[in-house]
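Here's a quick tour for anyone meeting this structure for the first time. Have a look at the model below, then read on.

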Amino acid sequence: MRKISGSSHPKLLKMEEFFPESFRLDLKDERNAFFELVKEDQFWICKPSYSNQGRGIFLLKNPDAVTTLQAKFLSSEGDPPSKRVSCRDLPARIVQRAAWWRHALECPGRYIEQPLLLEGKKFDVRSYLLIACTAPYVLFFAQGYVRLTCANYDATSDDLTVHLTNQYVQKQHSQYSQLKDETVWRMEHFNRYVNEKFSQTNGLPQDWVFTVFTKRMQQIMLQCFLAAKHKLDRKLGYFDLIGCDFLVDENFKVWLLEMNANPALHTNLKVLRDIIPSIIYESL
């Protein structure tokens, strides 16, 4: 693990530089802003705020899907007061501009590219932020691993196993049992692949994964921590291991997908058996 120091990452990023445009559906203002913004040629992902394993996630790929979702909220708002669901009881969901689709954003100057593919497959990177101490705060970064899909990427597919990389979703793929060990790469494997396939053609520095990419992940993690630390409990002995998921687009721009307060620590695959125990050991 590597200690994260605020002084080593002094520059603050704008949120749109690393986080896909998102709206909370349990907040009326944000919900209304989303339904006013969404256009026919846009694609969004809708997911619960407090869940894991890909449960409850679906895509909004056409106007009918958006209209159906909006109708559910309008119906709730139109109920008599005795039956009306308050905002706090509405599903805690967010809608997020899907980072795997190519299209111009309506907000100024931002454009989300298609994802970078590894051997034709969509992937993301799970790394870790350890809040080792809260009084004073002490933070560490740990390299994790790369998660790939079983099937080749197809932007038009309705199959979530093409778009979501977590193991719970990938287990739904018909060939998972044969391909499962190919769905997780070590970071060293990822680094070699980028060096061989992209360094020269894309003008990347050698070992981009362990230099530029790693520094960017740390910068984003630290900024998210600084934004939330005033809400964290501070007691002697408190610590937390947070799983942070990053996506790299075809222009090698790094996007934060989400931060998981309860990251999976399964060791059902060979690479995970090598990585997860050492993460836990170092954390403790």
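Predicted model: local features only at pLDDT ≥ 70, side-chain atom pairs only at ≥ 80, totals over all residues.

Let's start with a term: a residue is called buried when its relative accessible area is under 20%, exposed when that area is over 50%, and partly exposed in between, using a 1.4 Å probe and protein chains only. Residues are numbered from 1 along each chain as its sequence is written, and side-chain values use heavy atoms, with hydrogens and water left out.

**The whole chain**
- The protein chain has eight helices and 13 strands, which are DSSP runs numbered from the N terminus (helices: H or I, at least four residues; strands: E, at least two).
- Take the contacts (heavy atoms within 4.5 Å) between residues at least 6 apart in sequence: 65% of them join residues at least 24 apart.

**Strand β12 and its partners**
- Strand β12 covers residues 240–248, and eight of its nine residues are buried, so the rest of the structure largely encloses it.
- Strands count as paired if DSSP finds at least two bridges between them.
- With strand β9 (residues 121–134), β12 pairs in the antiparallel sense over seven bridges; L241 in β12 is the bridge partner of L130.
- With strand β13 (residues 254–260), β12 also pairs in the antiparallel sense, over six bridges; here N260 in β13 is the bridge partner of G243.

**The turn**
- A hairpin is formed by β12 and β13, with five residues between them.
- F252 sits in that turn and has a positive phi of about 65 degrees.
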